[in-house]
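This briefing covers a single structure, shown below. The points that follow are grouped by topic.

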Amino acid sequence: MSEPLLVLDNITKNYGAIHALRGISFSIARGEVVALLGDNGAGKSTLVKIIAGGLEPTSGRMLFEGKEFLAKSPAEAKAAGIETVYQDLSLCTNVDVVANFFMGREITRKVLGVPVLDERAMEAVVARALANAGTRIPSLRTKVEHLSGGQRQAIELNRFVHWGGKLVLLDEPFAALGVEQTRRGLDMIRQVASQGIGVVIITHIMQQAFQVADRIVVIRQGVVAGDVARNKTSPDAVINMITGETLAGAGPAG
Ligand SMILES: Nc1ncnc2c1ncn2[C@@H]1O[C@H](COP(=O)(O)OP(=O)(O)OP(=O)(O)O)[C@@H](O)[C@H]1O
């Protein structure tokens with residue numbers, strides 16, 4: 001088996017006297033979708049923030065592509081290929097799709113020795129990226145504020161893939177989306193994973209976890225209460241892991 005993309009090794013996090021994470025260990029393979037489930041306050045967001053450089057763990061190690069790595073900031077995580085797509089989206093709504101796609105990485109050309117934005121070249125890159133992913137946006141010159149939540153999410157994911165992202169973290173990505181947009185979002189996650197990218201998705205909706213994930217990891221009171229292949233478990237068994245009810249064969253695995 002190839003080396004995991006990410007290994008979490010005994011990660012703990014205390015907020016003062018609160019032990020939010022009490023020794024979390026599991027790994028994520030390239031191209032794998034892991035659904036992170038757990039009750040309110042179980043520690044899911046804390047863990048995702050630590051992975052993405054937004055929070056320092058109290059103790060523990062992380063290996064990314066085989067090397068010890070703990071990002072000190074979201075920018076450092078992003079530079080390494082780890083990025084979070086949050087519920088409140090990180091796009092700039094007052095500029096268009098192309099500008100958002102390139103934000104800080106614009107293509108320029110020289111006119112009389114002066115660098116100017118090469119809008120046509122950038123538009124072509126975005127058009128190709130979106131077409132490859134099967135994402136349809138009415139116009140690449142539309143300001144993001146006029147796009148739906150689903151379209152915005154699609155742009156963010158496309159952008160992440162285009163710039164060489166390796167591990168994407170999604171915290172309740174469909175909370176504000178309708179049924180059809182959610183279905184497209186789930187398809188897109190599978191498509192992203194099929195390119196070898198690791199995906200961690202936090203969701204409270206069991207059906208979504210079973211639709212999209214290869215593996216389900218349950219966090220309960222800061223520990224891993226279950227780590228199972230999606231096709232080797234059932235929603236009932238996972239609910240038992242979340243709540244702490246015992247069920248034959250539903251203990252931690254892997
Ligand atoms: N900044 C903070 N300061 C103090 N305690 C915190 C802080 N953030 C989270 N906690 C506590 O840490 C524990 C884990 O919280 P976390 O937000 O990670 O859980 P969660 O599983 O993401 O919950 P939810 O599903 O409700 O978002 C909870 O007891 C929470 O109250």
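**Helix packing**

Helix 5 and helix 6 run roughly parallel to each other, because their axes cross at roughly 5°, and angles under 35 degrees count as roughly parallel. The model is a predicted one.

- Helix 5 spans residues 149-162 and helix 6 spans residues 179-193, and their axes come within 10 Å.
- On the helix 5 side, the contact is made by G149, G150, Q153, A154, L157 and V161.
- On the helix 6 side, the contributing residues are Q181, R184, G185, M188 and V192.
- By class, the residues of this contact between helix 5 and helix 6 are five nonpolar, five polar and one charged.

- Why does helix 1 count as largely enclosed by the rest of the structure? Six of its eight residues are buried.
- The buried residues of helix 1 are K44, T46, L47, V48, I50 and I51.
- G53 follows helix 1 and has a positive phi, near 80°.

**Nonpolar core**

- The largest nonpolar core holds 65 residues.
- Which members of this core touch the most other members? They are V199 and I201.
- Not counting residues up to four places away in sequence, I201 touches V33, A35, L36, L170, P173, I189, V212 and A213.
- Among these partners of I201 is I189, a position inside the 179-193 span of helix 6.

- L112 is not a glycine, yet its phi is positive, at about 50°.
- L112 sits in the loop between strand 7 (108-111) and strand 8 (114-117).
- L112 counts as exposed because it has 5 C-beta neighbours inside 10 Å, and the cut-off for exposed is 12 or fewer.
- Q221, also a residue other than glycine, has a positive phi near 50°.
- The loop that holds Q221 lies between strand 11 (215-220) and strand 12 (223-229).
- Q221 is partly exposed, with 15 other C-beta atoms within 10 Å.

**Residue K166**

- K166 is located in the loop between helix 5 and strand 9 (167-171).
- Is K166 buried or partly exposed? K166 is partly exposed, as 18 other C-beta atoms lie within 10 Å, while a buried residue needs 20 or more.
- Leaving aside neighbours within four places in sequence, K166 is in contact with L5, G81, I82, I197 and G198.
- K166 and I82 are 84 residues apart in sequence, and their C-alpha atoms are 6.1 Å apart in space.

**Residue A225**

- A225 belongs to strand 12.
- A225 counts as buried, with 23 C-beta neighbours inside 10 Å.
- A225 and V238 are separated by 13 residues in sequence and by 9.5 Å in space, C-alpha to C-alpha.

Notes:
Residues numbered from 1 in each chain as written. Predicted model: local features only at pLDDT ≥ 70, side-chain atom pairs only at ≥ 80, totals over all residues. Core = buried A, V, L, I, M, F, W, Y, C linked by C-beta atoms within 7 Å. Contact = placed C-beta atoms within 7 Å. Axes fitted to C-alpha atoms, helices over the stretch in contact; angles between N-to-C directions. Helix = DSSP H or I, 4+ residues; strand = E, 2+ residues; numbered from the N terminus. Parallel < 35°, antiparallel > 145°, perpendicular 65-115°, else oblique. Nonpolar A, V, L, I, M, F, W, Y, C, P; charged D, E, K, R; others polar.
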